[in-house]
Amino acid sequence: HEVPRQPYVEVTMIQSLFILSPTGEVLIERHFRSTVTSRTVCDHFWTKASEGLNHHGGVSTATTAILGSNPFMLYDSVEPVMEVPDIGNDGDDANGGKTIYLFSILRDGLSYLAACPPCIGNQNNPSGGGGLGISPLMITEFLHKIADTFVIYFGDPADESAVKDNFSTAYQLLEEMVDYGWPLTTEPNALTDLIRPPTVMAKIQQAMTGGSSNILSEALPNGTVSNMPWRKAGVTHPNNEIYIDIVEEIDAIISPSGGVISSDVSGSIQAQSNLSGVPDLILTFNDATLIDDSSFHPCVRYARFEKDKVISFVPPDGPFELMRYRLRLDNGEGHNKPVGSMPIQVIPRISYGKFGSSEKGKSGMAGRISLSVTARSISSLIYSSSRKGPLVIEDVSVVIPFPKFVRTANLNATVGRIIYDEAGKIAKWEIGKLDEKTRPQLNGTMVLEDGSEEKLSSSSISEGEQPPLLVTWKILLSSVSGLNISGLSVTGEHYKPYKGVRNITKSGTFQVRC
């Protein structure tokens with residue numbers, strides 16, 4: 001019997017890539033196939049993204065500086081993957097009424113968009129196409145890889161000004177990282193050999209000569225033709241050393257009284273390798289059963305981890321992320337049990353009403369806000385034996401988004417400084433270091449928009465009108481799981497490197513309801 005042929009399906013990848021500024025302006029536009037995607041897909045995205053903003057006309061520079069890498073409250077109305085109409089540049093239907101998939105991430109105030117067409121089935125079997133055909137997480141991860149590469153080249157943060165100052169380098173990077181819509185060269189070591197990172201001297205030379213700086217290398221990187229594209233050949237360091245950080249992030253939703261409503265813990269292992277030659281490393285854990293749902297850098301031998309629960313790898317040169325994981329914290333029902341007690345407590349008190357004079361509001365309504373932040377030595381964290389002294393929480397800050405009916409706010413704090421964005425109606429209270437003896441307080445008043453009295457008299461204020469606070473913090477030499485590195489051996493080289501290991505617990509998306 002003749003075996004029936006499978007219908008032909010062309011699996012498509014990225015057709016076009018756009019990078020938008022915080023105000024929706026297209027900064028970078030790159031098309032990788034013969035079909036040109038219209039900019040109307042960016043309009044569809046920005047229309048959806050603007051629904052979550054407190055103001056009109058885009059995101060101000062101050063707002064993106066305040067939010068940093070935590071823009072959840074801005075684009076909460078945008079799905080990671082959107083299906084938008086495929087409209088031609090002349091405004092006509094360019095693809096017979098078909099749609100295109102639009103992937104998006106937000107990093108440092110910039111929106112990275114990847115437009116991917118659906119699969120194309122053969123004419124005899126039209127039902128063979130129509131889907132995406134590839135893993136959506138692959139495209140999302142690749143967009144994050146592009147943003148990470150921009151940080152390596154342009155510095156942190158790789159925001160709008162950084163991209164505008166390095167347009168030519170950004171386009172050259174996309175040219176090397178993508179081949180006909182598919183990811184090609186993504187390792188920083190290989191990219192820096194192909195495209196030289198921008199330097200001050202190169203920019204001065206470009207300004208004096210009036211020509212373009214020579215950012216392309218004429219030599220082919222050694223790693224591109226080896227089985228280890230992540231590592232350069234002939235690496236030498238005067239001091240051989242490697243530093244490893246086990247970073248665990250807590251995503252949590254906290255009630256106004258300080259109770260934990262929900263929480264989740266994810267971790268990563270960040271490394272800084274300054275090792276000469278081609279060293280082969282083996283990393284072992286004190287309890288590898290705590291690790292769940294892990295993903296690894298390409299340098300890790302995954303079969304060895306599946307068999308022996310150890311990480312065997314030849315590291316890249318410089319900083320890199322060795323792995324990411326989630327904690328296996330089962331409560332018997334297969335669900336992650338929450339972190340019982342947090343090391344930091346934020347108590348908000350926000351009220352609206354008639355408080356004597358109406359300030360500048362004609363409605364006579366005003367608002368008051370009060371925040372108290374305290375450190376708690378008794379929590380669910382496990383501290384390293386090398387930690388000495390009292391609890392110190394570093395890089396503490398509180399982002400305060402105000403409702404749409406708030407016109408302006410006057411805030412004062414006993415500790416730290418306050419950055420307020422009038423256009424974005426958002427404030428950031430930077431506290432810095434916090435210990436048990438320090439009890440920072442923030443107090444302020446709010447002037448409301450005219451006609452807000454009817455809104456406040458209804459129950460809508462308790463149904464999402466008051467956005468949650470976003471708290472960021474970091475504690476050194478601590479962890480949630482107690483996961484530690486029990487051993488790190490180096491083979492293949494004769495030297496004995498210096499090895500430094502530490503645990504860090506920090507906030508992820510740490511929200512406090514008001």
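The crossing of helices H3 and H5 is right-handed, a crossing being right-handed if the near helix is turned clockwise from the far one by less than a right angle, and left-handed if anticlockwise. The contact (heavy atoms within 4.5 Å) is made by Phe142, Lys145, Ile146, Thr149, Phe150, Tyr153 and Phe154 of H3 together with Thr169, Ala170, Leu173, Leu174 and Met177 of H5. The axes of H3 (residues 136-154) and H5 (residues 167-177) come within 11 Å and cross at roughly 135°. H3 is therefore oblique to H5; angles under 35 degrees count as roughly parallel, over 145 as roughly antiparallel, 65 to 115 as roughly perpendicular, and the rest as oblique. Axes are lines fitted to C-alpha atoms, for helices over the stretch in contact, with angles running from 0 to 180 degrees between N-to-C directions.

The model is predicted, and local features need pLDDT of at least 70, side-chain atom pairs count only at pLDDT 80 or more, and totals for chains, interfaces and linings use all residues. Residues are numbered from 1 along each chain as its sequence is written, and side-chain values use heavy atoms, with hydrogens and water left out.

The protein chain contains nine helices and 27 strands, where helices (H or I, at least four residues) and strands (E, at least two) are DSSP runs numbered from the N terminus. Of the 514 residues in the protein chain, 46% are buried; buried means under 20% relative accessible area, exposed over 50%, and partly exposed in between (1.4 Å probe, protein chains only). Among contacts in the protein chain with a separation of 6 or more, 73% are accounted for by residues 24 or more positions apart.

Strand E2 (residues 16-20) is largely enclosed by the rest of the structure, because five of its five residues are buried. Ser16, Phe18 and Leu20 point one way from E2, while Leu17 and Ile19 point the other way. In a regular strand the side chains alternate between the two faces of the sheet. E2 pairs with strand E3 (residues 26-31) in the antiparallel sense over five bridges; two strands pair if DSSP finds at least two bridges between them. Ile19 has Ile28 as its bridge partner in E3. E2 and E3 form a hairpin with five residues between them, and Gly24 in the turn has a positive phi of about 90°. E2 is also joined to strand E6 (residues 110-116) by five bridges, again antiparallel, and Ser16 stands opposite Ala115 in E6.

E16 and E17 run antiparallel and are joined by 10 bridges, and Pro348 stands opposite Leu371 in E17.

Ser370 lies in strand E17 (residues 366-375) and counts as buried at 16% relative accessibility. The side chain of Ser370 makes a polar contact with the side chain of Asn443 (3.2 Å). A polar contact is a pair of N or O atoms within 3.5 Å; within protein, one must be able to donate a hydrogen and the other to accept it, and residues adjacent in sequence count only if both atoms are side-chain atoms. Not counting residues up to four places away in sequence, Ser370 touches Ile347, Pro348, Arg349, Gln441, Leu442 and Asn443.

Ser478 is located in strand E25 (residues 478-479) and is buried, with a relative accessible area of 1%.
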